[in-house]
Amino acid sequence: MKPSFKKYIPFKQIDIPDRTWPNNTITKAPIWCSVDLRDGNQALIDPMNLEEKLEFFHALCDMGFKEIEIGFPSASETEYEICRELIEKNHIPDDVTIQVLVQAREHLIRKTFEAIEGAKNVIIHFYNSTSTLQRKVVFKTDMEGVTKIAIDGAKLIKKLTDEYTGNTNIRFEYSPESFSGTEMDNAVDICDKVMEALGSTKENPVILNLPNTVEMCTPNTYADQIEYFIRHLKNRDAAIISVHPHNDRGCGVAAGELALLAGADRVEGTLFGNGERTGNMDIVTMGLNMFTQGVDPELDLENLPKLREIYERCTNMKIDPRQPYIGELVFTAFSGSHQDAINKGMQYMRESGTEYWEIPYLPIDPADVGRQYEPIIRINSQSGKGGAAFVMSNNFGYDLPKRMHPEFSKLVQAKCEELERELIPKELFEVFEQNYINNPQKYTLTSRKIYEESENGKDYVHFKGKMVIDGNNDPIHLNGIGNGPIDAFFNAIKAVGLDKYEFISYSQHAISQGSDSKAVSYIELKKPDGKNIFGIGIDSNVNVASVLGVLNAINRAEA
């Protein structure tokens, strides 16, 4: 029987016809809070051990996080010990605030205050679920009942803070958990009462964290919820509005971005989106989205491969090949049209000297996040003319002329079809070698001399040399004069019967630097059958390289 979509209740939209957030733009980074060590860790098949948590914590500090939720110290002895290790062994930088999560229950709150003793800066993050569904199904109570739980928890936390004798700077955070499934007026009311119980002021604001605990609606509706909440909160100046999006609908980053447009100040998330079910909002993606818009995310995201290594080792999770910015394939183009556009973009960047990143299909410079250029274009049977040329240029320094791209591309495509897979750069170069460098040599120069002469005020180039055919030991003497080395060589070989080839085009560049640099020449000839063919010549002498390119094209034509 076909499943029925009618059993699902459509999400109720927010009545806010004069919404302002669609006209806003993200112009600065939010306050970031990593919840990798709590929300991310609790979602792992095998939670991180102490050593892994410590390494992950220090990686987060190195990235620039100033607020890090380290765990739920009242939940288990392991969580409690990790909190104490961080504090007692001085792992926490002075400018970093640790955040500890606790349910709004008295014995757990008291245990949490024991756990944070001696820390310099702490956020006590308490919560209780407020959603319509949880009230009905889980707690079997009304809004008044869950409001009382929150207020009682706030009053106890305020009391214990006032009685606290240590030097810890304690701040408060409250989450109406499952905010996105709570009636907005109820969410506003419970937060107003929590703020009052905590004595929140502009000088000492509470963090009101509004979790998209289960992503239940489109990101625009979540933004409407945030804007509605902020508009109706009694004492907005005494609150830092925080969001905690999850990714059940695959829109966690979008929800976080639109929440910022709606007025949120702070974002909780995890590296690469780890978390319960489909995960938390991915801070790396959201931060780099800002970066590509010219906004400093205020996090160090310059070495994603290193972060990936730490993340995968400590969590035993794997990054998907299509994960934005860090997946193996996210900067890779197989499509011919994409490859051609990228190749042209690279050429434009080099030739124009533009200060901006302007390459089609690449929204960010891979080097800015520690990625390499080598895998940008990978070659398979679907690849186009520009793709193979890009790899030859980027990986090996051969800038094939555009007129040569179709010819070389056909050779590469044939190899891909033969192997029934993509070619790695080394194999692509082997195709180039086999067809242009190590190809059969019917005609071989055994000696050559190119020199300039002047007679009656006219300059010309003289070519002299010897050539063997099919390995014959009796060399043929060559002698030709022309207006350049190619013309002189053509005239020399015409005298021995190679007079049916027509010169079409020529290009040349250096393929190494310094005293041992060599030049490569690309020569295009028209064959006797009217079709064109390319040859290449490589030599430290540019004139010799040109001559060898002509002979290479002829050898390829008669192979």
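Predicted model: local features only at pLDDT ≥ 70, side-chain atom pairs only at ≥ 80, totals over all residues.

Student: With which residue does Lys193 form a salt bridge?

Tutor: A salt bridge here is a side-chain nitrogen of Lys or Arg within 4 Å of a carboxyl oxygen of Asp or Glu. The partner of Lys193 is Asp189, and their closest N and O atoms are 3.2 Å apart. Asp189 is itself partly exposed, at 31% relative accessibility. Both belong to helix H7, residues 184-198, where a spacing of four residues separates them by about one helical turn; such elements are DSSP runs numbered from the N terminus, helices being H or I of at least four residues and strands E of at least two.

Student: Which helix holds the pair Lys344 and Asp340?

Tutor: That pair lies in helix H12, again four residues apart, or about one turn of the helix. The closest N and O atoms of the Lys344–Asp340 salt bridge are 3.0 Å apart. Lys344 counts as partly exposed at 40% relative accessibility, and Asp340 is partly exposed with a relative accessible area of 26%.

Student: How many salt bridges does the rule give?

Tutor: The count comes to 33 salt bridges. One of them joins Lys66 to Asp95, with 2.7 Å between the closest N and O atoms. Lys66 lies in the loop between helix H2 (50-63) and strand E2 (67-71), and Asp95 in the loop between helix H3 (77-88) and strand E3 (97-103), so this pair ties together parts that are 29 residues apart in sequence. Lys66 is partly exposed at a relative accessible area of 40%, and Asp95 is partly exposed as well, at 46%. Elsewhere, salt bridges link Glu67, Arg171, Glu173, Arg266 and Glu268 in a network.

Student: At what angle do the axes of H2 and H3 cross?

Tutor: The axes are lines fitted to C-alpha atoms, for helices over the stretch in contact, and the angle runs from 0 to 180 degrees between N-to-C directions. For H2 and H3 the crossing is at roughly 50°, and the axes come within 11 Å. This makes H2 oblique to H3, a class left over once angles under 35 degrees (roughly parallel), over 145 (roughly antiparallel) and 65 to 115 (roughly perpendicular) are set aside. Leu50, Lys53, Leu54 and Phe57 of H2 make the contact (heavy atoms within 4.5 Å) with Glu79, Ile82, Glu85 and Leu86 of H3.

Student: Is Glu85 buried or exposed?

Tutor: Glu85, found in helix H3, is buried, with a relative accessible area of 18%. Leaving aside neighbours within four places in sequence, Glu85 is in contact with Leu50, Leu54, Asn90 and His91.

Student: How far apart are the axes of H12 and H13?

Tutor: Helix H12 (residues 336-352) and helix H13 (residues 385-396) have their axes 7 Å apart and pack at an angle of about 45°. H12 is therefore oblique to H13. Gln339, Asp340, Ile342, Asn343 and Met346 in H12 meet Gly386, Gly387, Ala389 and Phe390 in H13.

Student: How many residues of helix H10 are buried?

Tutor: Seven of the nine residues of H10 (residues 283-291) are buried, so the helix is described as mostly covered. The buried ones are Ile283, Val284, Thr285, Met286, Gly287, Leu288 and Met290. Their cover includes strand E1 (31-34), helix H9 (252-261), strand E8 (266-269) and helix H11 (304-315).

Student: Which residues does Leu307 touch?

Tutor: Leu307, placed in helix H11, is buried at a relative accessible area of 9%. Not counting residues up to four places away in sequence, Leu307 touches Met63, Phe272 and Asp300. From Gln508, 201 residues away along the chain, Leu307 is separated by 42 Å between C-alpha atoms.

Note on methods:
Residues numbered from 1 in each chain as written. Heavy atoms only, no water. Buried < 20%, exposed > 50% of the residue type's maximum accessible area, 1.4 Å probe, protein only.
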